[in-house]
Amino acid sequence: MFEKTGVATREMVMTKFPPIERINKGPVAVVECYQKIPCNPCQTACPVGAIEIGDDINNIPQRDEERCGGCGVCVAKCPGLAIMIVDGSKSAETVEFRIPYEFLPLPKAGETVVGLDRAGKPVCKAKVLKVLNPPAFDRTPVVTLEVDRKYLYDFRNFRREAE
């Protein structure tokens with residue numbers, strides 16, 4: 001299926017997420033790279049060495065979930081928009097996601113948006129908590145959203161409501 005659609009299966013997704021205990025402990029990166037391609041900005045960007053590619057630049061990145069503090073530097077540096085930060089430590093009902101978002105206009109804090117799955121289908125409502133877009137992010141804004149916990153493994157992006 002992945003080879004035809006480019007959409008990761010639930011089984012594939014689950015291999016990229018750390019255990020729920022780690023997610024509930026605090027922010028951590030989820031690196032959704034599924035194919036070997038020559039790329040390593042995430043490794044270079046990580047200030048604590050929590051993401052490793054190894055000697056072959058084609059290797060799939062490996063994340064050390066205990067070393068990762070979820071700083072999010074890797075999110076804006078990934079040219080494939082394949083990294084997000086998840087944080088389940090703030091609420092028993094919701095999870096925070098920090099995701100790259102390269103569409104205009106950018107959402108505003110407090111806005112409610114439509115949460116999308118990996119195939120682009122609506123799955124939930126999400127609340128925008130923060131939008132960061134400093135020059136260091138090289139035109140890849142990072143949006144922090146609050147999502148109902150039951151969509152932890154389904155939510156991957158969002159679209160703004162029609163104005």
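With which side chain does the side chain of Arg63 make a polar contact at 3.3 Å? In this predicted model, the partner is the side chain of Glu65.

View 1. Arg63 is found in strand E3, which covers residues 62–63, and its side chain makes a polar contact of 3.3 Å with the side chain of Glu65. A polar atom of the Arg63 side chain also lies 3.0 Å from the backbone oxygen of Lys16. Although arginine is a charged residue, Arg63 counts as buried here, because its relative accessibility is 19% and the cut-off for buried is under 20%.

**View 2. The surroundings of Arg63.** When residues up to four places away in sequence are left aside, Arg63 touches Lys16, Phe17 and Pro18, then Val28, Ala29, Val30 and Val31, and also Ala50, Ile51 and Cys68. One of these neighbours, Cys68, is itself buried, because its relative accessibility is 9%.

View 3. For Cys42, the nearest cysteine sulfur is that of Cys33, 6.1 Å away, whereas for Cys68 the nearest is that of Cys74, 6.4 Å away. Cys42 counts as buried because its relative accessibility is 6%.

**View 4. The largest pocket.** About 590 Å³ of space lies in the largest pocket, and of the 27 residues that line this pocket, Glu32, Gly80, Leu81, Ala82 and Arg156 are the closest to its centre. Sorted by class, the lining of the largest pocket has 18 nonpolar, 5 polar and 4 charged residues.

**View 5. The second largest pocket.** The second largest pocket holds about 160 Å³ of space, and its lining includes Pro27, Lys90 and Thr144. At least two residues of this lining are supplied by each of three strands, namely E4 (83–87), E5 (94–100) and E7 (122–132). Other residues of the lining include Ile85, Val86 and Asp87, together with Glu96, Phe97 and Arg98, and also Leu129, Lys130 and Leu132. By class, the lining of the second largest pocket has 6 nonpolar, 1 polar and 5 charged residues.

Terms used: Residues are numbered from 1 along each chain as its sequence is written. This is a predicted model: local features need pLDDT of at least 70, side-chain atom pairs count only at pLDDT 80 or more; totals for chains, interfaces and linings use all residues. Side-chain values use heavy atoms; hydrogens and water are left out. On a 1 Å grid over the protein atoms alone, a cavity is a set of points where a 1.4 Å probe fits but cannot get out, and a pocket is an open set with protein on both sides within 12 Å along at least five of seven lines; lining residues have an atom within 4 Å of a point. Grid points are joined across faces, edges and corners, and a volume is the space filled by probe spheres set on the points. Helices (H or I, at least four residues) and strands (E, at least two) are DSSP runs, numbered from the N terminus. Buried means under 20% relative accessible area, exposed over 50%, partly exposed in between (1.4 Å probe, protein chains only). A polar contact is a pair of N or O atoms within 3.5 Å; within protein, one must be able to donate a hydrogen and the other to accept it, and residues adjacent in sequence count only if both atoms are side-chain atoms. Contact means heavy atoms within 4.5 Å. A disulfide is a pair of cysteine sulfur atoms within 2.5 Å.
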